[in-house]
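Hello,

Here is the structure I said I would pass on. Please look through it first, then read the notes below.

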Amino acid sequence: MKKKQAIRFFGYCNNIPKPSSALNSISQTQISIVFLLSLLLQPISSSSSSISSPPPLPILPIPSASQIQWQLGNMALFLHFGPNTFTDSEWGTGHVDPSAFNPTNLDAAQWVRVAKDAGFSRLILTAKHHDGFCLWPSEYTNYSVRSSPWRDGEGDVVGELAKAAKEAGLGLGLYLSPWDRHEPCYGNTLEYNEFYVGQMTELLTRYGEIKEVWLDGAKGKDEKDMEYFFDSWFSLIHQLQPGAVIFSDAGPDCRWIGDEAGVAKPTCWSLFNCSAAKIGGTDSRYSGEGDPFGHDWVPAECDVSIRPGWFWHPLEVPKSARTLLDIYYKSAGRNCLLLLNVPPNSSGLISAEDIQVLQEFTKIRDSIFSHNLAENALVDASSTRGNGEDDRFIPSNVLKEGIYTYWAPAQNHQPTWSLYLNLQEFISFNVLHIQEPIHMGQRIVEFHFDVLNDEGVWRTVVRGSTVGYRRILKFPTVESQFLRLVIEKSRADPLVSYLGIHVDNFSHLSSHLDKTLGAGINGSNIRRQITLNNSQISAV
C-alpha cells in the first residue's frame, strides 16, 4: 500500500517563521505560481484500505435530539392572546366575562404565514395565561372559549393553530400558566396540581405533536401560596410528548435568559446546573451566563415582545426592524434561541404594522447573512486531526453550512489553535459568524479574530468568549485578504463547524479600530507573505 506524501511550504502553521527580506522581494505573481504549485503537489488519496482516525469524543454534557432540533430552529414566534387583548391589560384578573373574547376575524393560518415568511421555525401560543382563560374547550373549567361568543362557543384557538402550523410545516408550542387567578382551587396544593395536570394532559393529547411546553414562575405579590409539583409535570410532559422541550427558569430542556429584553450575556454557556436553579427564583446572572462547569445541557431562550407590552394594545407601536436586528445579534447571535412575541390584535389577526416590521427585519437579515463572503477562501489550520488526510476533519469544512461537518485539530494539546483564511482578494466586512458542532459538546472558552494589515502584522479586530451553536460579532468595517481565528482557551480540543464573514450596512458601528489597526487597514496592500500548507499567510 502506498503511503501519502506530505508536502509543506515554508514550515507548518504551528511554527510560522517571520517574513524575511527575501520574502519581501517576492512578487505577487511569483507567490501565486508557488501557491498553485503547492496545490498541484498535494498528496493523492491513499487506497480505501487506509485506517481512518476516529472522531473526537464528545465532551459532556451534550444535547438531546429534541434540544438540537430546538437550537437549529434559531427563532420562534410567541403569541400572547386572550381576554387581555380585548381589555387593554397585561395581567388579567381572572374575572373578566368570557363574552369579552370575540376575535371575529381570527385566522390562525395568517399567524403561521407571518411566522414562516419571517423565518420562524415554530409558534408558541398562550393557551392559558395568568387569568386562567383557556383558548381551548377544557373539560376542567367553564372559563374558556366555550363560554365566549366567538364561533358561537364552538371555537378552539389551539386546534386551529395546530392545524395551520402542521400544514405549513412549523412546530407548535404551548404556554400553560401555572398561576391561575380564576380557578377556585388555586392555593390548594394537591387539588390544583391535579387540575393543572389534567389541563396539561388535554393539551398534549388532543393536538398532535407539541414541540415546546412553556411555563414559568410568574405570580403577583400577596397571591396565594402554592407549591407546584414541577417534577411530576415534567415527567408527564416527556411521557406524553417525548419530542418536546420544556422551558422554564430552570430547564430542564431550555432556560430563561433572565430578562425580557431578548438580550443574552456576551458569555453564554448551554451548560447549566438545574439543581442550582429554582423556577421563579433563579439568579439572573446565572441564568444569563450558564455554567462552564454545569452538568446539564440547558440552552437559553431570549424572550422579548415586538411591542412594549406582551398583549396587543391599540396605542402601542412595534419596534423598528433595526432594533430587532440588534436584538437578534444579542440573542440568536449569542448561542440562544430568539423568542419574539408578536401578539394578534382584537380582530384575531397580526397587525399590518407588525407584519411590515417583520418583513423589513427579514430582508435585513437576508441581506447580511445569506452570503458568506469567505465562501471561496482557501483555509488552513495550525493542525488537523489525522494529519489532514481525513476529509471529516479538514479546515475547509468550516465553509460548509451546518453543524455536522467541522474542523478538528490534532490531539497535541496546543496552547492555542488557529484557522487561517486566504480570501484570494481584498474583501470588506464587519461581521463574524462562528458555530460549534454542539452535538459534540460546547468547548470554546475564549477566542479572537485577526486580520493582516498592510505591514504584515496580525491585528485583532474582535474578541469573544463562548461560541456554542452560533456566535455573531460586529465590529467596525475592515478590509483584508488574510484572516485568522485564534482559539485561546477550550474545554477540550476545539471544533469549528462554520466560519463566515458578512457586511452589515444597517447597524451603526464606531470606527475606533482604524487607529488600533493602523493607517491603511482599509484598502491596504499586503506585501510580506509566506505560503503555509494551502494558503498564503503573513505573520509577525
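**What was found**

The protein has twelve helices and 18 strands; helices (H or I, at least four residues) and strands (E, at least two) are DSSP runs, numbered from the N terminus. This is a predicted model, in which local features need pLDDT of at least 70 and side-chain atom pairs count only at pLDDT 80 or more, while totals for chains, interfaces and linings use all residues. Residues are numbered from 1 along each chain as its sequence is written, and side-chain values use heavy atoms, with hydrogens and water left out.

Of the 540 residues, 57% count as buried. Buried means under 20% relative accessible area, exposed over 50%, and partly exposed in between (1.4 Å probe, protein chains only). Contact means heavy atoms within 4.5 Å. Among contacts with a separation of 6 or more, 78% are between residues 24 or more positions apart.

**The barrel**

Eight strands form a closed barrel in the order E1-E2-E3-E4-E5-E6-E9-E10, with parallel pairing. From one strand to the next, the twist averages 25 degrees. Two strands pair if DSSP finds at least two bridges between them. As an example, strand E3 (residues 171-176) and strand E4 (residues 212-214) run parallel and are joined by three bridges. Leu 174 has Val 213 in E4 as its bridge partner.

Helix H6 (residues 157-168) lies across strand E1 (75-79), strand E2 (122-128) and E3, and runs at about 170 degrees to E2. Axes are lines fitted to C-alpha atoms, for helices over the stretch in contact, and angles run from 0 to 180 degrees between N-to-C directions.

**Two helix pairs**

The axes of helix H5 (residues 108-117) and H6 come within 8 Å and cross at roughly 40 degrees. H5 and H6 are therefore oblique to each other; angles under 35 degrees count as roughly parallel, over 145 as roughly antiparallel, 65 to 115 as roughly perpendicular and the rest as oblique. The residues in contact are Ala 108, Ala 109, Trp 111, Val 112 and Lys 116 of H5, with Val 157, Glu 160, Leu 161, Ala 164, Ala 165 and Ala 168 of H6. They divide into nine nonpolar, no polar and two charged. Here Ala, Val, Leu, Ile, Met, Phe, Trp, Tyr, Cys and Pro count as nonpolar, Asp, Glu, Lys and Arg as charged, and the others, Gly among them, as polar.

For helix H10 (residues 321-330) and helix H11 (residues 352-369), the axes come within 8 Å and cross at roughly 55 degrees. H10 and H11 are therefore oblique to each other. The residues of their contact divide into eleven nonpolar, no polar and two charged.

**Trp 312**

Trp 312 lies in the loop between strand E9 (300-305) and H10. Is Trp 312 buried or exposed? Trp 312 is buried, with a relative accessible area of 14%. Not counting residues up to four places away in sequence, Trp 312 touches Thr 85, Arg 307, Pro 343, Pro 344, Asn 345, Ser 346 and Ser 351. Asn 84 is 228 residues from Trp 312 in sequence, and the two are 8.1 Å apart in space, C-alpha to C-alpha.

**Strand E16**

Five of the five residues of strand E16 (residues 498-502) are buried, so E16 is largely enclosed by the rest of the structure. Tyr 498, Gly 500 and His 502 cover one side, and Leu 499 and Ile 501 the other. Strand E12 (residues 417-435) runs antiparallel to E16 and is joined to it by five bridges. Ile 434 stands opposite Leu 499 in E16.

Regards
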